[in-house]
Amino acid sequence: MDTKAEGTPPVATATPVVETPAIVSPGNAPAPATASAPADVGQSFGSKHRPPMPGKPRAGGAERSFKRPGGGGPPGEKPQNPGGSPPDLNRLPPLRPDSRSLDKQIEAELEAAMAGFNVAGTLDKPARPAAPAPGTTPGKKRGTIVGVHGKDVFVEVPGGRSQGVLPIQQFDRKPEVGDLVEFDIERYDAANGLLLLTREGATQVVTDWSSVTVGMIVEAKVTDTNKNKTGLLIEVNNIKGFMPVSQIDLYRVENVDQFVGQRLKCMIVEVVPEERNLLASRRALLEREKQVKAEEFWKTIAEGQTHKGIVRNIKPFGAFVDLGGQDGLIPISEMSWARVNDPSELLHIGQTVEVLVMRVDPEARRIGLSLKKLAASPFDDFSKRIRPGARVIGKVTRLAEFGAFVELEPGVEGLIHISELSTQRVKRVREVVTEGQIVDVEVLNLDPETHRIALSLKTIATEKDAAEFAAAEAERQTELKAAEERMASRPVNPNLRGGVGAAKPFFGA
């Protein structure tokens, strides 16, 4: 039955449940609180002019949420304090340990783990490598010859399971069983079960073009020279090759015919089997050997030593001498005590000389040599016989702006300073003396340390002038005395009378 009456407004039959924020009391669990309110109260009583209910969206807009940093309600509200008892510290996460505490913890664990462990007895110091035997090269193997059969020399390789074999042509003399030899291992011959060995600097065996490689040291036979004399025709085990004249020796070779028929130890510098082209160099091998000798040479060379060498080159300022590991220079002033104008007058290329080491410069790799210091100095003998004030005869050898040099004896030379040339002022030395002139000089001073002699012409010239003046004066006095004697012995004329004669009359008187 419809109980609704006409003309009466509709009445809401149901009210919505609106949730309110939970309020937490200290020490108690939160309890929800609900309240009932009409759903459209604002519509019936002017909701446009009223603020919205708590928890309800604003009219005409979407629901906005207000969040504050760290939680909480909308702006303007104070953060809620839940209150209650303090948190349980036992349930907090463990703190991160610092570095010092962590180091102590690791050290404690290591000490506990290494307890009872003898570190010193377990870790021994590595033994120092033994010093190489005298006469051996560090890094090379050294074995004993156990057999010689034909062209093969068998060597016991230390630490190896098989023996090694060396070609007999790599020895300068016939090897004997029991000799020690240095070698390098080239490769292993699996077919014969032997190690193929080689000696540094020794010649290697060449069988065909396939066995020839660049850098190989071989023994070549010189068969002839080419037409232009610019090189040597060689054969290496019936393989023909060529050696340019610039690669024959370290220095210039004037006569290439002298090498024909000889066997030369050389290095392969170029090989082209397809073109049958083989070039060899003896100079490359000599340079390498010289470099090795030079390193040993600079360890022993010192000033004051005496060495024998070979003159390799001559220049206007001196001569270069090969001492076996390095070249040294003999300056022209150190070739002889006598004056040398041209070094080629005293030395020639290929000559063996004995020299004295005067200066050594390891950084610049320069050596100063002397020939005259090994001979007796003629100055010493001259200074024993001649004293200052003595008069000697010499020959003018050369002129300078400050004076003239005079050779008194072979190897003994003195200087006449320009102030000692004449009693008068001298502008040019050539105005007084000339080269090659024989002069009589006086010795003013001798210096034994520097071997210098001071000479003078002025003193002798002064004495000469005084003697000439004395002689002229004596001659004048003699002539005057003779004139006086002649006047005294002249006869007197008896007709001469004294007095004054009569005066003659003037003209027109």
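Student: Which residue in E20 is the bridge partner of Ala-404?
Tutor: The model is a predicted one, and in it strand E19 covers residues 403–409 while strand E20 covers residues 412–417. These two strands pair in the antiparallel sense over six bridges. For Ala-404, the bridge partner in E20 is Ile-416.

Student: Which helix packs on the sheet with a direction that makes about 95° with that of E21?
Tutor: The helix in question spans residues 378–385 and touches E19, E20, strand E21 (438–447) and strand E22 (452–456). The helix that packs on the sheet in this way, at about 95° to the direction of E21, is H5.

Student: What angle does the direction of helix H6 make with that of E21?
Tutor: Helix H6, which comprises residues 458–488, also packs on the sheet, where it touches strand E18 (391–400), E21 and E22. Its direction and that of E21 make an angle of about 125°.

Student: In what order do the five strands of the closed barrel run?
Tutor: The barrel is closed and its pairing is mixed. From one strand to the next, the twist averages 50°. The five strands run in the order E18-E19-E20-E22-E21.

Student: Turning to another strand, does Leu-195 count as buried or exposed?
Tutor: Leu-195 has its place in strand E7 (residues 194–198), and leaving aside neighbours within four places in sequence, its contacts include Val-157, Ser-162, Ile-185 and Tyr-188. Because its relative accessibility is 12%, and the cut-off is under 20%, Leu-195 counts as buried.

Key
Residues numbered from 1 in each chain as written. Predicted model: local features only at pLDDT ≥ 70, side-chain atom pairs only at ≥ 80, totals over all residues. Heavy atoms only, no water. Pairing = 2+ DSSP bridges. Helix = DSSP H or I, 4+ residues; strand = E, 2+ residues; numbered from the N terminus. Axes fitted to C-alpha atoms, helices over the stretch in contact; angles between N-to-C directions. Contact = heavy atoms within 4.5 Å. Buried < 20%, exposed > 50% of the residue type's maximum accessible area, 1.4 Å probe, protein only.
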